[in-house]
Amino acid sequence: MIKKLVVLSMLICIACHTTKIKNETYKIATTSPELGSIGQSNKINGIENNFSVKAFPKLENEIRVAIEVVPYNRQLNKIYASKAKYNQNQTKVAYIDSLPTKPELVTIKILDINGLVNELNTQYNFDIVRLLQNTKKSQIITSIAVSLSLDAISKIRQADAYYLTNSQNKKYLITLMKSGKKADTIDINPETIVGYQSGNFCWALTSKKQWYIADIVNDNTNCKGNTKSIIPKEDSKSLFDM
């Protein structure tokens, strides 16, 4: 009986730390890691409760992202409201369950994984690759669920393509494109992030036996083909060591 209660309480706790958005699981934490940031998950009793950001890769090329606008539901509103305990300046969301028209939430997901991998393997991200090799369990934020203003959502609906870009102050922005031209940019405030998804790095060897980042896969997903999740200690030299 005691074991059943322990299992039940753990399941309830896990449920409190994740939520479903369009049938995809998003993690909930007191911190709000930005899209594209690299860090590590902190866990207590196997349950993730925090993501500690360590680095932001330099992006000299735009990375294509997918954006979807979805309605809030009771659970998402409860999660967003609970985050206000840690941030008094958090933007309020006027959610009323009985009204047919609900506030909307935006999901932003990295679409061009290959483009992101190519950026990470460049010389200007040498320090990032070295960090990944040394920490081994680092992850990258591949998707976020964020509460945006009505004006920002309207701009998103008018655009037909979206990119993750670096601004001059080394902050990530979402660039909105319309008919092949830049239409606007959106600055994502970390305080408005409701949930996130993270990805794991997969490594492979070149013909010259040099390790490089070959892929990024969803959390809890195994690396495929000849790629490896961890570089063997006896063969840890990277592309930039040669």
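A residue counts as buried when its relative accessible area is under 20%. The structure described here is a predicted model, and in this model lysine 27 has a relative accessible area of 13%, so lysine 27 is buried.

**Helix α5**

Helix α5 spans residues 150-158, and its buried residues are Ala152, Ile153 and Ile156. Seen down the axis of α5, these buried residues fall within an arc of 100°, and they therefore line one face of the helix. An α-helix has 3.6 residues a turn, so residues three or four places apart point the same way. Leu150, Arg157 and Gln158, on the other side of α5, are exposed. The cover over the buried residues of α5 includes strands β5 (63-71), β6 (104-110), β8 (161-166), β9 (172-178) and β10 (181-186).

**Salt bridges**

The structure holds 9 salt bridges.

| Pair | Closest N to O distance |
|---|---|
| Glutamate 104 and arginine 157 | 2.7 Å |
| Aspartate 184 and lysine 155 | 3.2 Å |

Aspartate 184 lies in strand β10 and lysine 155 in helix α5, so this pair ties together parts that are 29 residues apart in sequence. Aspartate 184 is partly exposed at 27% relative accessibility, and lysine 155 is partly exposed at 28%. Helix α5 also holds arginine 157, whose partner glutamate 104 lies in strand β6; the pair therefore ties together parts 53 residues apart in sequence. Glutamate 104 is partly exposed, with a relative accessible area of 26%.

Definitions and conventions. Residues are numbered from 1 along each chain as its sequence is written. This is a predicted model: local features need pLDDT of at least 70, side-chain atom pairs count only at pLDDT 80 or more; totals for chains, interfaces and linings use all residues. Side-chain values use heavy atoms; hydrogens and water are left out. Buried means under 20% relative accessible area, exposed over 50%, partly exposed in between (1.4 Å probe, protein chains only). Helices (H or I, at least four residues) and strands (E, at least two) are DSSP runs, numbered from the N terminus. The arc is that of the directions from the helix axis to the C-beta atoms. Contact means heavy atoms within 4.5 Å. A salt bridge is a side-chain nitrogen of Lys or Arg within 4 Å of a carboxyl oxygen of Asp or Glu.
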